[in-house]
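Hi,

Here's the structure I promised to pass on.

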Amino acid sequence: MTSLPSDEALLSLPKAELHLHIEGTLEPELAFELADRNGVALPYASVEELAARYEFSDLQSFLDLYYATMAVLRTEDDFAELTRRYLRTAAEQGLRHVELFFDPQAHVSRGVALEAVVDGISGALAEAERDLDISSGIILCFLRDQPVESADAVLSAALTRPERLLGVGLDSAEVGYPPELFAGVFARAKDAGLHTVAHAGEEGPPAYIRQALDLLGVERVDHGIRAAEDPQLLARLAAEGVPLTVCPLSNVRLRTVPDLADHPLLALDAAGVRVTINSDDPAYFGGYVGHNYLAVRDALGVDAATAERFARTSIDGSFASDARKAALQREVDAWRG
Ligand code: HPA
Ligand SMILES: [Zn+2]
């Protein structure tokens with residue numbers, strides 16, 4: 001029997017993160033700092049009281065707190081500081097490339113300018129490119145529980161500077177908001193040259209994963225774990241090489257799986273599906289990308305070769321240039337020694 005990889009080995013494994021909501025990196029300490037700075041009242045007396053709310057029964061119970069707490073994010077500098085802190089932590093866990101999500105509708109609806117959000121995030125990403133050699137891109141997510149017209153409007157605003165975006169995605173409450181609603185919006189994004197991804201099969205049924213593939217034309221599926229219930233869909237994902245951005249700790253915290261030991265990660269991998277490991281909303285779900293690697297080692301016995309495969313898939317399944325992908329794969333070669 002091979003021994004499992006050490007913490008140090010997993011944390012130093014060069015990796016990409018492809019499923020990360022930047023608003024989900026808002027730690028309680030920073031939330032209070034920004035609330036003070038911006039004169040925003042949080043309905044919690046202390047950092048401890050806020051942190052004690054991080055106990056969720058499902059996706060919606062998380063989203064309620066997530067949208068309420070992000071009200072402290074008001075200025076370009078707030079978004080830059082948020083992104084800087086994420087990058088610092090993730091860099092310590094082997095992060096070499098990130099494609100991060102942001103939820104513009106949740107900010108524009110509060111009177112925050114789209115430019116402030118994008119400039120703040122992009123500024124911090126540019127610093128990390130220079131200082132930490134972390135490559136990156138930004139994926140604009142539409143809120144699927146908001147009207148399609150709202151998604152259309154935010155896309156139109158974003159398409160005045162399409163070069164600032166890598167792609168578009170789809171997030172927020174899933175059940176009752178099938179991908180098909182957004183086929184027109186995604187077609188416009190594709191016509192503008194943007195990549196496309198969508199959350200599907202987190203709480204929603206396998207049919208939503210099929211819709212994301214067939215009607216939105218997505219290149220990756222975010223979560224996608226409910227594909228494990230559908231052998232035909234698994235075979236299709238494997239045959240078409242569609243990467244899934246799996247978020248193990250998130251799935252436990254939002255109770256889409258009862259326990260990490262029951263997670264379908266290895267069943268997906270065994271079916272030949274391209275699996276990646278990601279943190280989703282690390283401030284809320286108990287860990288950053290490296291912690292997710294450690295957690296699946298501990299709960300599922302993920303060994304070094306499997307972890308290496310997940311990391312290589314995260315690089316290969318990214319939208320980085322071929323040259324960047326090759327450079328990062330060589331870093332994984334060096335890690336293996
Ligand atoms: O896990 C998630 N699922 C859907 N929407 C989200 N928005 C932030 N995190 C999530
Ligand atoms: Zn997500």
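One thing before the details: this is a predicted model.

I'd start with the helix pair. Helix α5 (residues 76–91) passes α7 in a right-handed crossing. The axes of α5 and α7 (residues 114–131) come within 7 Å of each other, and the crossing angle is roughly 35°. From the α5 side, the residues that meet α7 are Glu76, Asp77, Asp78, Phe79, Ala80, Thr83, Arg84 and Leu87. On α7, their counterparts include Ala116, Val117, Ile121, Ala124, Leu125 and Glu127. Sorted by class, the contact has nine nonpolar, three polar and six charged residues.

Next, the sheet. Eight strands make up an open sheet, running β1-β2-β3-β4-β5-β6-β7-β8 in order, with parallel pairing. The edges belong to β1 (15–17) and β8 (274–277); each has a single partner strand, so one side of each has no neighbour in the sheet. From one strand to the next, the twist averages 25°.

Helix α16 (residues 304–316) is another one to look at: it lies across β1, β2 (95–102), β7 and β8, and runs at about 95° to β8.

Then there's ligand 1. Which residues surround it? The shell consists of His21, Gly24, Leu59, Tyr66, Asp171, Ser172, His199, Glu202, Ser250, Asp280 and Asp281. By class, that shell splits into two nonpolar, five polar and four charged residues.

Last, a loop residue. Asp58 sits in the loop between α3 (47–51) and α4 (59–69). Is Asp58 buried, exposed or partly exposed? It counts as partly exposed, because 13 other C-beta atoms lie within 10 Å, and the exposed class stops at 12 or fewer. Leaving aside residues up to four places away in sequence, Asp58 touches Leu254 and Arg255. Asp58 and Arg253 are 195 residues apart in sequence, yet their C-alpha atoms are 7.9 Å apart in space.

That's what I have so far. Over to you!

Cheers

Definitions and conventions
Residues numbered from 1 in each chain as written. Chains lettered and ligands numbered in written order. Predicted model: local features only at pLDDT ≥ 70, side-chain atom pairs only at ≥ 80, totals over all residues. Near = placed C-beta within 6 Å. Nonpolar A, V, L, I, M, F, W, Y, C, P; charged D, E, K, R; others polar. Axes fitted to C-alpha atoms, helices over the stretch in contact; angles between N-to-C directions. Helix = DSSP H or I, 4+ residues; strand = E, 2+ residues; numbered from the N terminus. Left-handed = near helix turned anticlockwise from the far one by under 90°. Contact = placed C-beta atoms within 7 Å. Buried ≥ 20, exposed ≤ 12 C-beta atoms within 10 Å, placed from the backbone. Pairing = 2+ DSSP bridges.
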